Amino acid sequence: MNNTEETNQDGIEPRKYTLDSRFKFACDKGMKCYTHCCSDLNIILTPFDIVQMKNRLGLTCDQFLAIYTKPEMLARTKLPVVTLKMLDDDKKSCPFVTPEGCIIYEDRPVSCRYYPLGMAAFREQEIEPTGEDFYFMVREAHCLGFEADKEWSVSEWRKDQGVNPHDDINKHWMEFMLRKKSFGFQAELSEEGRAMFFMVSSNTDKLRRFIFESSFLEKYEVEEELLEQIRTDEVALLKFGLDWLQSALFGADKVKLKEHVQEEQKKRAEEEAKAAGKVRH
Ligand code: SF4
Ligand code: SF4
């Protein structure tokens, strides 16, 4: 693989990269193109991106979403996500870029960490529901990083850019994005399902209120120890939310309904089936 591979008009190489694929690249503050990559972007924010960024900025989820993001419905998966809102200036700059670099660098979104790699999960055109994870390379004309001689594997790049801690937290969300077959994600989500997905993916404040201030805990089994973690640790809250989403939407065996609620639901379903039978006769 060399650095002159053909690219399409977005600078994307027609090649799938895996963790062992190698590429040459370097980026540092002294380069002429420094920060040229931080404008006119379509950055989908992951749930953990939102948690880190709003905490860095000292904002609530609602404030962060209102000021820095715009909602978007992914065309193919029909999943609601948020993207980072660019400024209304000539370059459509990222709100966090300055001549000295990114002011939230340590908490920058996972897409910025990957660059110049992109994640298949974020590129709908190339997603096939096979459950396969892969990356692609974006070779934009303004980026001089490809002239460097330093070689990386995708795996090394991910480690260097601090991507790994994000993976554990975003994993199940990514699987929704990739429509992996393992969750039986064949059908489109209902309106209610999409609203649940959006709440868990983008608003941990709302998720916390949903768990602790609704009838949630009357319906679901949650052990005391886990409950305490969810109450005090935002990442634990987010992970629990994603587990609940998989259970509620795709029947995963992670967050269980209490026995009496299961019984009631079963009874109701039987009564409905009976009533439907009567109507048919
Ligand atoms: S080398 Fe590429 S990634 Fe680095 S600052 Fe320049 S344009 Fe951005
Ligand atoms: S968040 Fe930071 S790294 Fe990402 S585009 Fe904005 S300024 Fe650049």
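The following dialogue examines how terms are applied to a predicted model.

Modeller: In this predicted model, local features need pLDDT of at least 70, side-chain atom pairs count only at pLDDT 80 or more, and totals for chains, interfaces and linings use all residues. Residues are numbered from 1 along each chain as its sequence is written, while chains are lettered from A and ligands numbered from 1 in the order in which they are written.

Biologist: What makes helix 7 roughly perpendicular to helix 10?

Modeller: The axes of helix 7 (residues 204-213) and helix 10 cross at roughly 70° and come within 10 Å. Axes are lines fitted to C-alpha atoms, for helices over the stretch in contact, and angles run from 0 to 180 degrees between N-to-C directions. Angles of 65 to 115 degrees count as roughly perpendicular, under 35 as roughly parallel, over 145 as roughly antiparallel and the rest as oblique. Helix 7 is therefore roughly perpendicular to helix 10.

Biologist: Which residues make the contact?

Modeller: Helix 7 contributes T204, L207 and R208, and helix 10 contributes E234, L237, L238 and G241. Two residues are in contact if their C-beta atoms, placed from the backbone, lie within 7 Å.

Biologist: How do you know what span is expected of helix 10?

Modeller: The expected span is 1.5 Å times one less than the number of residues. Helix 10 (residues 234-250) has 17 residues, and its 24 Å from first C-alpha to last is close to the 24 Å expected.

Biologist: Which residues of helix 10 are called buried?

Modeller: Among them are L237, F240 and W244. A residue is buried if 20 or more other C-beta atoms, placed from the backbone, lie within 10 Å of its own, exposed if 12 or fewer, and partly exposed in between. Buried residues make up 26% of the 281 residues in the protein chain.

Notes. Helix = DSSP H or I, 4+ residues; strand = E, 2+ residues; numbered from the N terminus.
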